[in-house]
Amino acid sequence: MNSTKFLFLDKQITGWRRLLSKCLLLLASLFIISMQPAYAGLNNDLYDGNIFVVYAGNGSLVPPRQTLAQTLAEHKPIFLAFYVDDSSDSKRYAISISRVQEFYGRVAEIMPIHVDSIPPKQTYDPTEPGYYYSGTVPQVLVFNKSGQVVLNKKGQVPFEDIDDQFRKIFDLLPRTETALLKRRAFNEFSSELAR
């Protein structure tokens with residue numbers, strides 16, 4: 001009689017486990033079905049990830065290799081760009097920052113600074129990025145070898161303006177023509193990796 005009693009309880013426990021597993025499977029399925037897909041958008045102010053990886057195809061820009069203080073002490077030219085990852089203006093400008101690195105990354109320090117990483121303080125030293133930040137993104141600055149700001153502009157600063165300043169700093173010949181910066185399709189990034 002005891003063995004019959006345990007068989008009955010065993011069948012009840014198995015039934016509850018089966019019912020519980022079906023309920024959990026149904027709940028997980030409803031959760032997956034109700035999830036919205038994530039869309040990366042160049043023209044919205046939503047966070048999509050690191051803008052240099054997603055929109056410029058260049059994740060090597062962040063974090064900067066050196067601090068502003070270290071670079072100023074080395075008397076190296078600096079390109080400083082303030083941005084936020086959830087700004088459509090910063091997203092569209094990421095390709096220009098990447099282009100500056102393409103041409104001047106070996107001879108100047110390219111420093112994209114995420115605005116949220118600037119510690120809030122009352123005053124900043126001239127060796128801190130917060131000293132130069134004016135409250136809008138994107139904002140770009142170019143420092144010459146002696147640490148003086150030779151360019152400080154807000155918004156979508158054309159590559160040519162930045163290039164002109166670096167040409168003066170490095171005593172290069174003037175540019176003969178302007179190439180239009182064109183955003184590549186996402187598949188072009190992956191096709192370059194396949195080569």
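Colleague: Let's start with the overall plan. What pattern does the protein chain follow when read along the sequence?

Modeller: Happy to walk you through this predicted model. The secondary structure of the protein chain comes to six helices and four strands. Read from one end of the sequence to the other, these elements give the pattern α-α-α-β-α-β-β-β-α-α.

Colleague: What share of the residues counts as buried?

Modeller: A residue counts as buried when its relative accessible area is under 20%. The protein chain has 195 residues, and the share that counts as buried is 33%.

Colleague: What is omega for the cis peptide bond that joins Val137 and Pro138?

Modeller: Look in the loop between strand 2 (109–114) and strand 3 (139–143), where Pro138 has its place. The cis bond joins Val137 to Pro138, and its omega is about -15°.

Colleague: Now to His75. Is it buried or exposed?

Modeller: Find His75 in the loop between helix 3 and strand 1 (78–83). Its phi is positive, near 55°, in a residue other than glycine. The cut-off for exposed is over 50% relative accessible area. His75 has 53% relative accessibility, so it counts as exposed.

Colleague: Which residue with a positive phi follows helix 5?

Modeller: Search the loop between helix 5 (159–169) and helix 6 (186–194). The residue there is exposed, because Asp171 has a relative accessible area of 72%. Its phi is about 55° although it is not a glycine. The residue that follows helix 5 is therefore Asp171.

Colleague: What do the buried residues of helix 5 pack against?

Modeller: Helix 5 has buried residues that include Phe159, Ile162, Phe166 and Ile169. Glu160, Asp163 and Gln165 are also among them. The buried residues of helix 5 pack against strand 1, helix 4 (88–104), strand 3 and strand 4 (149–154).

Colleague: How far apart in space are Pro126 and Leu72, C-alpha to C-alpha?

Modeller: Pro126 is found in the loop between strand 2 and strand 3, and at 41% relative accessibility it counts as partly exposed. Leaving aside residues up to four places away in sequence, Pro126 touches Leu68, Leu72, Tyr131 and Tyr132. Pro126 and Leu72 are 54 residues apart in sequence, while their C-alpha to C-alpha distance is 9.7 Å.

Colleague: Which residues form a nonpolar patch on the surface?

Modeller: Start with helix 1 (residues 2–34), where Leu20 lies. Leu20 is exposed, with a relative accessible area of 53%. The patch has about 320 Å² of accessible area together, and its members are Leu20, Leu24 and Leu27.

Colleague: One last thing. What percentage of the contacts with a separation of 6 or more comes from residues 24 or more positions apart?

Modeller: Contact here means heavy atoms within 4.5 Å. Among contacts in the protein chain with a separation of 6 or more, residues 24 or more positions apart account for 66%.

Terms used. Residues are numbered from 1 along each chain as its sequence is written. This is a predicted model: local features need pLDDT of at least 70, side-chain atom pairs count only at pLDDT 80 or more; totals for chains, interfaces and linings use all residues. Side-chain values use heavy atoms; hydrogens and water are left out. Helices (H or I, at least four residues) and strands (E, at least two) are DSSP runs, numbered from the N terminus. Buried means under 20% relative accessible area, exposed over 50%, partly exposed in between (1.4 Å probe, protein chains only). Patches are made of residues with over 30% relative accessible area and no salt bridge: like charges are joined within 9 Å, nonpolar side chains (Val, Leu, Ile, Met, Phe, Trp, Tyr) within 5 Å. Accessible areas come from the Shrake-Rupley method with a 1.4 Å probe; for residues, only the protein chains shown count as cover. A salt bridge is a side-chain nitrogen of Lys or Arg within 4 Å of a carboxyl oxygen of Asp or Glu.
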